[in-house]
Amino acid sequence: MLNGIPLYWFLLVSAALFCIGLYGVLARKNAIAILMGVELMLNAVNINLLAFWRYVAPNAAAGLAFAAFIFVIAAAEAAIGLALMISVYRNTQSVDPDKLDSMKL
Amino acid sequence: MTISQVLFIVISLVVLGGGVMVVTARNLFHAALFLIVSFFGVTGLYVLLDAGFFAAAQFLVYIGAISILIIFAVMLTRGVQLAQPANSQWPAALVVSVIVFAIMALMLGPVAVTIGQRQFGSVSWPNVVEGQPAPAVPDDHLVRLGQSFVDFNQYGAAFLLTAVLILVAMVGAIWVARDRALKDVMEERAELAAEEAQEAMLAGPVQQPLPLAETRSAEAPAASVAHH
Amino acid sequence: MSVIDTVNNLLKIVSDGVAGLVEGILGPGLGADLITMGLGALVLCTIVALVFMGMTWAERKVVARIQNRVGPNQAGPFGLLQPIADGIKMFTKEDTTPASADRWVYNAAPLIIATFALVTFAVFPLAPGVVGTNLNIGVFFVIAVGSASTVAILMAGWGSNNKYSLLGAFRTVAQLVGYEVPMLLNVIPVILLAGSMGLADIVQRQTLADGNPGIPFILYLPLSALAFFIAGVAETGRSPFDLLEAESEIVAGFHVEYSGMKFALFMLGEYVNTLAVSIVFATLFLGGYAGPILPPYLWLALKTAGVFFVFMWLRGTLPRVRVDQLMSLNWKVLVPMSIVNIIAVMILAKLFVTSPGLQAANGGILVTPETQAAILFVANVAILLSGLAIVARRARVLRLAEEAEIESRREANRAAVSGFAGGAPAR
Amino acid sequence: MRTDFAFIGVMLVTAFLLMGVAVFAASLLRPRKPSPAKLETYECGMETVGDAWVQFRVQYYIFALIFVLFDVGGVLLFPFAVAFNVVPLYAVLVVTVFLGILMTALLYAWRRGALQWD
């Protein structure tokens with residue numbers, strides 16, 4: 001009983017959130033802001049998974065299990081990505097991905 | 001309009017508005033706060049989807065943990081106030097994002113559109129009947145989730161791999177973020193090598209000549225540091 | 001219905017009566033539900049705010065007694081009106097916002113911390129059937145909402161635009177987030193035994209009933225209870241873990257720049273969080289409202305007051321820990337011990353089952369609940385003692401190594417001095 | 001499920017409004033005499049130099065990342081804990097292995113000195 005919310009509402013919101021995240025990843029000048037965009041995209045994915053779990057297969061654990069694994073993946077991604085950025089910052093004093101074009105220090 | 005629909009629209013506006021502010025804010029700390037607003041909205045969406053456990057987990061993991069990590073990283077890199085929020089290709093990025101959204105909206109939306117021979121939109125998902133309520137959520141869905149985590153016919157292997165992922169992330173992140181910068185390490189190594197070479201020269205007139213590779217490794221980083 | 005029943009179910013009768021009254025006036029429907037819920041929320045918030053005032057008085061009085069002082073004694077009998085005087089002062093004190101503050105962030109932080117501290121009270125069962133909402137994920141919800149305070153603290157630190165605030169906020173958050181891990185890990189044994197995350201179910205499991213001896217979980221899991229309590233003290237940032245307010249080191253932590261009502265909201269948040277941790281501890285490990293003779297809500301109040309008394313006791317007696325000790329205690333003692341404890345509880349609870357149904361399903365040895373409690377108690381105490389023994393040995397080894405190092409340095413110094421005396425070049 | 005959360009939404013709004021009203025009422029009652037000295041950033045009477053940013057230590061980040069990873073690990077244990085009574089005995093082994101890997105991660109951080117605050 002979702003009281004009149006059709007499935008595609010959730011799908012559209014999740015698609016919009018995904019595209020906002022995509023814009024952030026493509027357009028931002030700061031690597032940490034790019035990682036924020038990635039987090040938005042992962043959230044959009046999770047909304048999708050849970051929406052499909054709720055509407056299509058509430059009796060199966062698949063949607064829930066994948067959503068739970070996405071939490072872990074998001075955490076691992078954030079931890080390593082941000083650690084990389086901090087390391088890059090300490091070596092080059094900048095987190096502008098445009099300037100990170102040399103393989104050597 | 002039912003109350004659920006009103007709530008959905010309000011929450012969606014919070015989620016999307018927060019998201020837009022995240023990708024446009026000039027101040028990175030504010031961007032991180034808007035990210036939290038967006039996460040909080042997603043919590044509301046999970047509640048509307050009857051996934052209470054995931055709403056609380058979203059709160060705990062994203063708002064209580066990942067956003068803290070992001071704010072710490074913002075503070076550590078000193079890039080809080082950006083001179084310009086976007087890079088030079090932002091119009092192209094905007095166009096790409098809008099096109100991707102248009103395609104997704106076309107495919108997922110309720111309106112059937114025929115382009116050429118193919119029909120897009122108005123997809124019929126299994127178990128989803130227009131105008132009918134969604135099937136009920138079983139009360140023991142969390143128990144089923146827990147069972148699936150330890151059942152190797154379901155997600156037992158994935159569950160254990162998750163732990164391995166956590167281990168790998170821990171090792172990698174600590175290795176990358178460790179206290180000394182790579183530059184300092186290489187500088188130190190170069191100094192040590194140079195000292196050794198000097199000692200070797202002083203120690204005796206005829207010893208083995210240093211291999212070429214080692215001399216180079218002793219010189220090159222020092223040179224690049226000087227260049228910086 | 002007898003008088004005793006009426007007294008025992010007082011809260012239930014009052015809340016049902018109010019709900020019925022509202023429905024009678026407005027007729028059943030969404031409006032009546034919303035107004036009933038709003039009234040309930042208002043009453044809950046008011047009660048918590050009143051308890052907060054009482055707590056400040058009790059804490060000052062008790063800590064004063066522990067330290068051989070009198071405590072507040074001017075405003076009213078026994079200083080009972082002191083919280084009201086404090087309130088008036090907070091309301092009428094000038095509230096300065098530093099000119100360089102990030103205004104929105106600065107003003108939102110105290111509101112957020114106080115709001116989310118109050119929200120946790122929606123899920124605490126106060127008496128049978130009297131609960132804001134009986135969530136099936138109760139204890140997980142409480143821990144999750146409790147983590148919102150870290151964000152508010154970072155906002156306060158950043159919004160004040162003050163070096164001390166920001167540094168204090170960073171320290172506080174590094175401490176708070178660390179202690180969330182043992183908190184999470186130590187409710188898991190309770191959930192394993194109760195089979196549910198709902199707080200009402202957990203209380204039910206500790207209530208005396210047919211086939212249920214009503215043993216509180218602290219007797220099953222003393223180690224979990226101890227670790228949870230230590231983590232709770234650290235989570236609420238109270239002495240001896242009050243590094244965030246170490247006024248001798250970082251002026252006053254993240255809320256240096258706050259004054260007047262906004263400062264009062266931070267205080268409210270801190271005390272309400274303490275109250276919440278006390279109630280959670282009383283519910284998870286002491287049996288919540290379960291108890292003989294007295295009415296249930298009185299039992300919960302007594303148990304919560306007892307836990308809060310231990311909080312005050314610690315504050316009155318223990319010195320503040322060092323920041324490195326704080327981190328070591330968490331990551332090197334509490335977390336490993338909790339993980340070992342979870343494994344032990346899982347294995348023992350699977351091997352020694354209390355219901356024939358479970359035995360038929362999964363095997364294991366059928367024992368009475370008392371025996372199961374005794375087995376788990378012994379295992380918990382064994383883990384605790386062996387953990388403490390390891391810690392003590394490690395500490396001794398470290399101390400000996402340090403002493404040896406000092407001794408050898410002294411030796412080297414002596415050698416160097418005598419070397420100079422002899423005229424030989426020292427290297 | 002969703003109706004269970006309705007009260008939490010109401011509680012959130014009520015608590016927020018109540019706190020907002022308290023701050024607003026105080027703003028009506030209290031005196032307001034700003035002066036340049038009052039609006040300065042508090043720094044024990046020193047003139048503030050620069051902004052609030054100081055060089056933070058990487059140690060803060062490392063503690064936060066260890067916390068994040070353990071946090072998500074702990075969250076995954078909750079569904080299992082709820083299902084504990086209905087899972088077979090070997091499930092305990094699976095979760096023991098899971099916790100063992102988490103413990104290895106902790107030991108790695110320990111050996112690398114990442115848990116040392118100095």
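How many residues does the contact take from chain B and from chain A? It takes 81 residues from chain B and 66 residues from chain A, where two residues are in contact if their C-beta atoms, placed from the backbone, lie within 7 Å. This is a predicted model, in which local features need pLDDT of at least 70 and side-chain atom pairs count only at pLDDT 80 or more, while totals for chains, interfaces and linings use all residues. Residues are numbered from 1 along each chain as its sequence is written, and chains are lettered from A in the order in which they are written.

On the side of chain B that touches chain A, the largest share, eleven residues, comes from α3(B) (helices are DSSP runs of H or I, at least four residues, numbered from the N terminus). That side divides into 58 nonpolar, 20 polar and three charged residues, with Ala, Val, Leu, Ile, Met, Phe, Trp, Tyr, Cys and Pro counted as nonpolar, Asp, Glu, Lys and Arg as charged, and the others, Gly among them, as polar.

Between these two chains, residues of α1(A), including Y8(A), L11(A) and L26(A), meet residues of α4(B), W90(B), F101(B) and L108(B) among them. The residues of this helix contact divide into 19 nonpolar, one polar and no charged.

The contact of chain D with chain C takes 59 residues from chain D and 67 residues from chain C. On the side of chain D that touches chain C, α1(D) gives the largest share, 17 residues, and the residues of that side divide into 43 nonpolar, six polar and ten charged.
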